[in-house]
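Trainee: Could you take me through the assignments in this entry and set each one against its criterion?
Mentor: Gladly; ask about each label in turn.

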Amino acid sequence: MNAGRELALSCAGRGWWVHPLLPNSKRPPGNCRRCRPSAAGQRAACGFPEDAGGCGCLSAGRFCHGVRAATREPELIRSWWSGSDFAVGVATGPSRLVVVDLDDHHRQPPDAALLLPGIDLATTPGTGSVRTGVDVLELLCRVRRAESLLHAPPTLTVRTPSGGLHLWYRAESSGRFTQGSSQLGWQVDVRAGWSTAVAPGTVTTGGRYERLGPATEPVRVPRWLALELTRVGLRARDPDAPPPARIRLPRPTVRHQPQDGSAYAAAALRGEVDAVASARAGRNDTINRAGFRLGRLVGAGLLDLDAVHQALTDAAAQAGVDPGEAKAQSTLRRALQAGMRSPRTVPSTGARP
Ligand SMILES: [Zn+2]
Ligand SMILES: [Zn+2]
């Protein structure tokens, strides 16, 4: 019995695209001679991927070019895995999967400011105890006031031989994502697009990719996490996709919705509202900054002025500012107006609020 072949067939049976990996590494086996670059950094004679038609290997059913060869065809899988003990890689993009890869490299954590790039953790307690990617993701859940993704995860979760965790999610109707390392957080990698995740159940000399917990299938990427992936530039918006639905802001922070909801503007609104609501020292500066940034989106027609004004007033009240306080109100009004005078052009993929 060929364990790799059975695993590959069962992955294909659940709709995942698979390709061979060397049994004890996470790398694909080498290409054929024609598909092999003659030197590092050089293009292969076959011309792939720029000239995909010039490489006959994929159409001939060979597994050159790693993840690009991934297939769901049982015949091909049987032939690739016959007589070899290849491990199984799952091509995330074609399988419509996003795998969040949490490492535990036992490295010294960086400065707290770098744990979650783009998020100010100055007033967040508990950053000093962060040691692993799991801790970083927990921190992100807390900062966003979202339910933990790790306590009794409802989605397929796999422990890796090196002590990391893979959280498997379905990406359908959440847009297309791209792979990244550390954009979302320290020791947090994202496998998506032309990226590979080792199939659950794979055995290497280091150990087994072992499913944890009761969930056997990936669930849809949580909406707030999809927004985070967008924020850090790991989402490619599908030009054919319908406009994103309106985002419900976390209550009771804000009562008002963005009038015109691009996901970007909604994420920016939520981020700024959170920043103001949790501001302690320097509240006036925070209100000023938030008002200016959101004012630019108002100026661009992405947010409604009254809704933003009310949302920030409510958030300031949460931070202890009296809603009738003249100084805060005039700061807010001036910041919004200044922002509206330099409208922000609609950001493309990769932009950050
Ligand atoms: Zn080839
Ligand atoms: Zn080739």
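Trainee: What makes S1, S2 and S9 an open sheet, and in what order do the strands lie?
Mentor: The three strands form an open sheet in the order S1-S2-S9 with antiparallel pairing, where strands are DSSP runs of E of at least two residues, helices are runs of H or I of at least four, and both are numbered from the N terminus. Strand S1 (17-21) and strand S9 (196-198) are the edge strands, since each pairs on one side only. The model is predicted, so local features need pLDDT of at least 70 and side-chain atom pairs count only at pLDDT 80 or more, whereas totals for chains, interfaces and linings use all residues. Residues are numbered from 1 along each chain as its sequence is written, and chains are lettered from A and ligands numbered from 1 in the order in which they are written.

Trainee: How do you know that S1 and S2 pair?
Mentor: Two strands pair if DSSP finds at least two bridges between them; S1 and strand S2 (residues 87-91) have five bridges, in the antiparallel sense, and therefore meet that definition. Within this pairing Pro 20 stands opposite Val 88, and Leu 21 stands opposite Ala 87.

Trainee: How many bridges join S2 and S9?
Mentor: S2 and S9 pair over three bridges, again in the antiparallel sense, with Val 90 opposite Ala 197 in S9.

Trainee: Why is S2 called largely enclosed?
Mentor: A residue is buried if 20 or more other C-beta atoms, placed from the backbone, lie within 10 Å of its own, exposed if 12 or fewer do, and partly exposed in between. Five of the five residues of S2 are buried, so the strand is largely enclosed by the rest of the structure. Ala 87, Gly 89 and Ala 91 point one way from S2, Val 88 and Val 90 point the other way, and all are buried.

Trainee: Why does Thr 124 count as partly exposed?
Mentor: Thr 124 has 15 C-beta neighbours inside 10 Å, and therefore counts as partly exposed. This residue lies in the loop between strand S3 (97-102) and helix H3 (133-143), and its C-alpha atom is separated by 9.1 Å from that of Arg 142, 18 residues apart along the chain.

Trainee: What makes helix H4 largely enclosed?
Mentor: Seven of the nine residues of H4 (residues 223-231) are buried, so the helix is largely enclosed by the rest of the structure; among the buried residues are Leu 225, Glu 228 and Arg 231. Just after H4, Gly 233 takes a positive phi of about 85°.
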